[in-house]
Amino acid sequence: MTFEELTGDQKTDRMDVVKKALEEVLSSALAKGCITVGVYEAAKLLNADPDNVVLCLLATDEGGDLDVALQIHFTLIQAFCCENDINIMRVNNTHRLAKILGGIDGTGEPKDLHCILVTVSITQITIMTDPTAEA
């Protein structure tokens, strides 16, 4: 059964589970410092170290589909992620992301939440490759 085949209540229940899981992943990654926020910052990280990126989150807000430049960035980032086997998720609520990640950067300006990368921390890599390592 694919997501499109689900009916009303099933689809709503499934989306609630996905929403909750995404919130937990983002909160955990933020606490560990494994988040890169912003289209430009994401592009720099993808170019420098794509092997440690595990999730690319592309977010639009109301009217985001009308921003041609943003759509071009999304297309290029999606293509790069597909070539490098990076999971991609599209969401449409930048306001909720701002609540989870903190919508203001250190200079008082709103963060660019249109592209968010979740990376694997060095600790996680050590634990995955060395079964004797402690968390």
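User: Into how many nonpolar, polar and charged residues does the lining of the largest pocket divide?
Analyst: This is a predicted model, with residues numbered from 1 along each chain as its sequence is written, in which local features need pLDDT of at least 70, side-chain atom pairs count only at pLDDT 80 or more, and totals for chains, interfaces and linings use all residues. Side-chain values use heavy atoms, and hydrogens and water are left out. Ala, Val, Leu, Ile, Met, Phe, Trp, Tyr, Cys and Pro count as nonpolar, Asp, Glu, Lys and Arg as charged, and the others, Gly among them, as polar. On this basis the lining of the largest pocket divides into eight nonpolar, two polar and five charged residues.

User: What is the volume of the largest pocket?
Analyst: On a 1 Å grid over the protein atoms alone, a pocket is an open set of points where a 1.4 Å probe fits, with protein on both sides within 12 Å along at least five of seven lines; lining residues have an atom within 4 Å of a point. Grid points are joined across faces, edges and corners, and a volume is the space filled by probe spheres set on the points. For the largest pocket, the volume is about 320 Å³.

User: Which element gives the most residues to the lining of the largest pocket?
Analyst: The lining has 15 residues, of which K19, L22, V91, N92 and N93 lie nearest the centre of the pocket. Two or more residues come from each of α1 (8-32), β3 (87-91) and α4 (94-101); helices (H or I, at least four residues) and strands (E, at least two) are DSSP runs, numbered from the N terminus. With seven residues, the element that gives the most is α1.

User: In what order do the elements run from the N terminus on?
Analyst: The secondary structure of the protein comes to five helices and four strands. From the N terminus on, their order is α-β-α-β-α-β-α-β-α.

User: Which residues of α2 are exposed on the face turned away from its buried side?
Analyst: Buried means under 20% relative accessible area, exposed over 50%, and partly exposed in between (1.4 Å probe, protein chains only). In helix α2 (residues 39-48), the residues V39, A42, L45 and L46 are buried. They lie on the same side of α2 because they cover an arc of only 125 degrees around the axis, the arc being that of the directions from the helix axis to the C-beta atoms. The face turned away from that side carries the exposed residues Y40, N47 and A48.

User: Which residues are exposed on the other side of α4 from its buried residues?
Analyst: The buried residues of α4 are T94, L97, I100 and L101. Seen down the axis, these residues fall within an arc of 115 degrees, so they line one face of the helix. On the other side, the exposed residues are H95 and K99.

User: Which residues does L57 touch, not counting residues up to four places away in sequence?
Analyst: L57 lies in strand β2, and it counts as buried because its relative accessibility is 0%. Contact means heavy atoms within 4.5 Å. Leaving out residues up to four places away in sequence, L57 touches L22, L26, M89, V91, L97, H114, C115 and I116.

User: How many disulfides does the structure hold?
Analyst: A disulfide is a covalent bond between the sulfur atoms of two cysteines, and here the term is applied to a pair of cysteine sulfur atoms within 2.5 Å. The closest cysteine sulfur to that of C81 is in C56, at 3.8 Å, which is too far for a bond. For C115 the closest is also in C56, at 4.1 Å, again too far for a bond. The number of disulfides in the structure is zero.

User: What is the phi of D85?
Analyst: D85 is in the loop between α3 and β3, and it counts as exposed because its relative accessibility is 71%. Most residues other than glycine have a negative phi. D85 is not a glycine, yet its phi is positive, at about 55 degrees.

User: How far apart in space are E62 and N92, C-alpha to C-alpha?
Analyst: E62 lies in the loop between β2 and α3, and its relative accessibility of 79% is why it counts as exposed. E62 and N92 are 30 residues apart in sequence, while their separation in space, C-alpha to C-alpha, is 7.7 Å.
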